[in-house]
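The following report describes selected features of one protein model. Please keep the sequence and the structure in view while reading.

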Amino acid sequence: MQERKDRDNMKCKIRGEKIKITKAIQDYVETKLSRLDKYFKNEDVEANVLIRIKGKEQIIEVTIPYDKYTLRSEERRDDLYAAIDLVIDKLEGQIRKTKTKLKKQIKKNDTFINFDYEITKDEKKESKIVKRKTFEMKPMDEEEAILELELLGHDFFIYKDANTNEINILYKRKDGNYGVIETNN
């Protein structure tokens, strides 16, 4: 694990799994992460970076624990440097979105994390529910739920388990396998 702190704000811990973290990789990650320093002025923030290889994919995970919130993003690409660029863009978007939501919450209470950044007109767009669906759930087993998920072409499927009679959520994982979130009432 390599660690450096030669910028004002963000401390970086970079770890490699099945890859050697070279000086060039370390410098590139730190340079890109320095774009986020403007959001954490005068704050002690640490970014945990994991770079790993799975097959021919280069995977970068960045986690930034901060007060009550944790910023996290992951990107997979054949080109590590492209993955680094994209993961930083995602984190910056998360920070902007979080700041917009937190500005609304500050009007309700005094709890606020100070991301030192002004919101532009384009960032003021708020996510909202634009569609609502109701459907009848017939009991089915996991195999039938997988078939339904594949037929619909969705990433997840909600169904009533035939064995437990509970509502479950079946989802497709990034590795191509499936996961199930079980509820119990």
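Tyrosine 81 is partly exposed, with a relative accessible area of 31%, where buried stands for under 20% relative accessible area, exposed for over 50% and partly exposed for what lies in between (1.4 Å probe, protein chains only). The model is a predicted one, in which local features need pLDDT of at least 70 and side-chain atom pairs count only at pLDDT 80 or more, while totals for chains, interfaces and linings use all residues. Residues are numbered from 1 along each chain as its sequence is written, and side-chain values use heavy atoms, with hydrogens and water left out.

**Aromatic pairs**

Rings of Phe, Tyr and Trp (its six-membered ring) are taken to pair if their centres lie within 6.5 Å, and planes under 30 degrees apart count as stacked, over 60 as edge-to-face and the rest as tilted. By this rule the count comes to two aromatic pairs. Tyrosine 28 and tyrosine 81 have ring centres 4.7 Å apart and planes at 85°, so this pair is edge-to-face. The pair links distant parts of the chain, since tyrosine 28 belongs to helix H1 (residues 23-33) and tyrosine 81 to helix H2 (residues 80-108), 53 residues apart; helices (H or I, at least four residues) and strands (E, at least two) are DSSP runs, numbered from the N terminus. In phenylalanine 157 and tyrosine 159 the ring centres are 6.4 Å apart and the planes at 10°, so that pair is stacked.

The relative accessible areas of three of these residues are set out here.

| Residue | Relative accessible area | Class |
|---|---|---|
| Tyrosine 28 | 24% | partly exposed |
| Phenylalanine 157 | 11% | buried |
| Tyrosine 159 | 1% | buried |

**The open sheet**

Four strands form an open sheet in the order S6-S7-S8-S9, with mixed pairing; two strands pair if DSSP finds at least two bridges between them. Strand S6 (139-140) and strand S9 (178-182) stand at the edges, each with a single partner strand, so one side of each is left without a neighbour in the sheet. S6 pairs in the parallel sense with strand S7 (residues 156-161) over two bridges, and proline 139 stands opposite lysine 160 in S7.

**Nonpolar cores**

A nonpolar core is a set of buried Ala, Val, Leu, Ile, Met, Phe, Trp, Tyr and Cys residues joined through side-chain atoms within 4.5 Å. The largest has 26 residues, and those with the most contacts inside it are Leu33 and Leu36. The elements that give two or more residues to this core are S2, H1, strand S3 (45-54), strand S4 (57-66) and H2, and H2 gives the most, with seven residues. Not counting residues up to four places away in sequence, leucine 36 touches Met10, Ile64, Ile88, Leu91, Glu92 and Ile95, contact meaning heavy atoms within 4.5 Å. A second, separate core of seven residues includes Met140, Ala145, Ile146 and Leu170.

**Single residues**

Glutamate 74 has its place in strand S5 (residues 69-77) and, at 12% relative accessibility, counts as buried. Leaving aside neighbours within four places in sequence, glutamate 74 is in contact with residues including Arg52, Glu61, Lys90 and Lys174.

Lysine 18, although it is not a glycine, has a positive phi of about 65°. It lies in the loop between strand S2 (10-17) and H1 and, at 73% relative accessibility, counts as exposed. Asparagine 165, likewise not a glycine, has a positive phi of about 65° and is found in the loop between S7 and S8.
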